[in-house]
Amino acid sequence: MRNIRLILCGLGLILVSACETPAPVQMGTDGKPLPKLYNLEKQDPAAVQYRMLDAVNVMRQNVGAMPLRINAELTAAAATHARDMSVQNRPWHFGSDGSSPLDRVARVGYQGVFLGEVISETYESELTTLSAWVDDADTRFVILDPNAQDVGIAWFQEPNGKIWWTMTTGGPALSQIAASARAE
């Protein structure tokens, strides 16, 4: 019994000695904590993209919507816009050249119909950003739109750590729906 106590005490000491003191929270000039840097450069871009896609598809499944699939054209349109928002230093849906989301989707040759775009300027991870989008009724509608089938997910991270996120959704063109209905 005494040996067991010694072993348990020894293990407890090892565990306690392995604990690190958390870094102090740095405060900004406004008195609020500075955001922690979420560094996307150290992560596999496909893993980040698919973590967000998997979370989106779980939410869509919960409301009876079909899962989205990554689309290269929509991803290219989203990536272009994420970088452009950084250049403009403002989160909004229009490009520095005056382009709308519809224009960007057409430029990349997407064959479906543009359905929606959600954007963010943040220092937060893909899942934290997605959570904020889902908390807002307008952006939640874009993410859960039952007509959406395709998605483009992209981001641009500035050297200071700020991340510009863009998610663009699309679905089949009416001609594709009609052709599919005739085939059935």
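Visitor: How many helices and strands does the protein have?

Guide: This is a predicted model, where local features need pLDDT of at least 70 and side-chain atom pairs count only at pLDDT 80 or more, while totals for chains, interfaces and linings use all residues. Residues are numbered from 1 along each chain as its sequence is written, and side-chain values use heavy atoms, leaving out hydrogens and water. Helices and strands are DSSP runs numbered from the N terminus (helices H or I, at least four residues; strands E, at least two). Count them up and you get 7 helices and 4 strands.

Visitor: In what order do the elements run from the N terminus?

Guide: Start at the N terminus and walk along the elements of the protein. The run reads α-α-β-α-α-β-α-α-β-β-α.

Visitor: What share of the contacts in the protein between residues at least 6 apart joins residues at least 24 apart?

Guide: A contact is a pair of residues with heavy atoms within 4.5 Å. Take the contacts between residues at least 6 apart in sequence, and ask which of these join residues at least 24 apart. The share is 68%.

Visitor: How much of the protein is buried?

Guide: Buried is under 20% relative accessible area, exposed is over 50%, and partly exposed is in between (1.4 Å probe, protein chains only). The protein has 184 residues, and the share that counts as buried is 39%.

Visitor: Which elements do the buried residues of H6 pack against?

Guide: Helix H6 covers residues 137-144, and its buried residues are Thr 139, Val 142, Ile 143 and Leu 144. On the H5 side, Leu 130, Trp 133, Val 134 and Asp 135 meet Ala 137, Thr 139, Arg 140 and Ile 143 of H6. The buried residues of H6 pack against helix H2 (45-62), strand S2 (113-122), helix H5 (126-135) and strand S4 (163-171).

Visitor: Is Met 167 buried or exposed?

Guide: Met 167 sits in strand S4. Beyond its neighbours within four places in sequence, Met 167 is in contact with residues including Met 52, Val 56, Leu 130, Trp 133 and Ile 143. Val 118 is 49 residues away from Met 167 in sequence, yet 5.2 Å away in space, C-alpha to C-alpha. Because its relative accessibility is 0%, Met 167 counts as buried.

Visitor: What is the relative accessibility of Thr 168?

Guide: Thr 168 is in strand S4 too. Not counting residues up to four places away in sequence, Thr 168 touches a set of residues, among them Leu 74, Ala 78, Val 105, Phe 114 and Asp 150. Thr 168 counts as buried because its relative accessibility is 2%.

Visitor: Which residue other than glycine has a positive phi near 55°?

Guide: Look in the loop between helix H3 (72-88) and helix H4 (101-107), where Asn 89 has its place. Asn 89 counts as partly exposed because its relative accessibility is 48%. The residue with phi near 55° is Asn 89.
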